[in-house]
Amino acid sequence: MEPSAFVITPQEYRILVERAPIMIWRAGTDGLCNYFNQRWLEFTGRNMAQEQGNGWAEGVHPEDLDRCLEIYLDNFGKRLAFEMEYRLKRHDGVYRWILDRGTPFYLDDGEFGGYIGSCIDTTERVEARAAIRQAQESRITRLEGLLPICANCKNIRDDEGYWHNVESYISAHSGADFSHGICPVCAEKLYGYKKQE
């Protein structure tokens, strides 16, 4: 027994589009936006008339606006799907990171009809990526350069001139490159060299 086809009524379709957990937009063949779903309007706290045309761009963070428009217009002109992240002002005045995906759509006769896009708030993901990157950069900065290591006993000399067991030092500071040398203890033990006081 084949499952019966489920037909979505216009009212149900409207509910799906308006109440979907994503922000949806549409642009006409002129590149100007002519529709935003209820989720978008709730997010921005603006009405349809304010967002239509290029009004939506007023909410884009000034540092992201040029890049955002360049990606949009370049892909629109080539009829290519695109994806971009930018900050968009929420209704409370806080900028949130948005992942915006747009794709061209075509009418039943094959004629280009414009673009449809969807957006999700990715602020937590972007901030987590930034925190990881900052931690990695901090770690690299802390570890860059060569560390003096005794060629015999493998003790490591720190920035203050003290020698430490290599295992404990590496466990606290991983990822560094080492240079080799001989600590004073090994120099005296192996070669009879005693540092002059």
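Predicted model: local features only at pLDDT ≥ 70, side-chain atom pairs only at ≥ 80, totals over all residues.

Guide: Residues are numbered from 1 along each chain as its sequence is written, and side-chain values use heavy atoms, with hydrogens and water left out.

Visitor: How many disulfides does the structure hold?
Guide: A disulfide here is a pair of cysteine sulfur atoms within 2.5 Å. For Cys 119, the closest cysteine sulfur belongs to Cys 68 and lies 8.9 Å away, too far for a bond. Cys 183 is also in no disulfide, with the nearest cysteine sulfur, that of Cys 150, 3.7 Å away. The number of disulfides in the structure is 0.

Visitor: Is Cys 183 buried or exposed?
Guide: Buried means under 20% relative accessible area and exposed over 50%, with partly exposed in between, using a 1.4 Å probe and protein chains only. The relative accessible area of Cys 183 is 3%, and therefore this residue counts as buried.

Visitor: In β2, which residue is the bridge partner of Trp 25?
Guide: Strands are DSSP runs of E with at least two residues, numbered from the N terminus, and two strands pair if DSSP finds at least two bridges between them. Strand β1 (residues 23–27) has 4 of its 5 residues buried, so β1 is largely enclosed by the rest of the structure. Antiparallel to β1 runs β2 (residues 33–36), joined to it by 3 bridges. Within β2, the bridge partner of Trp 25 is Phe 36.
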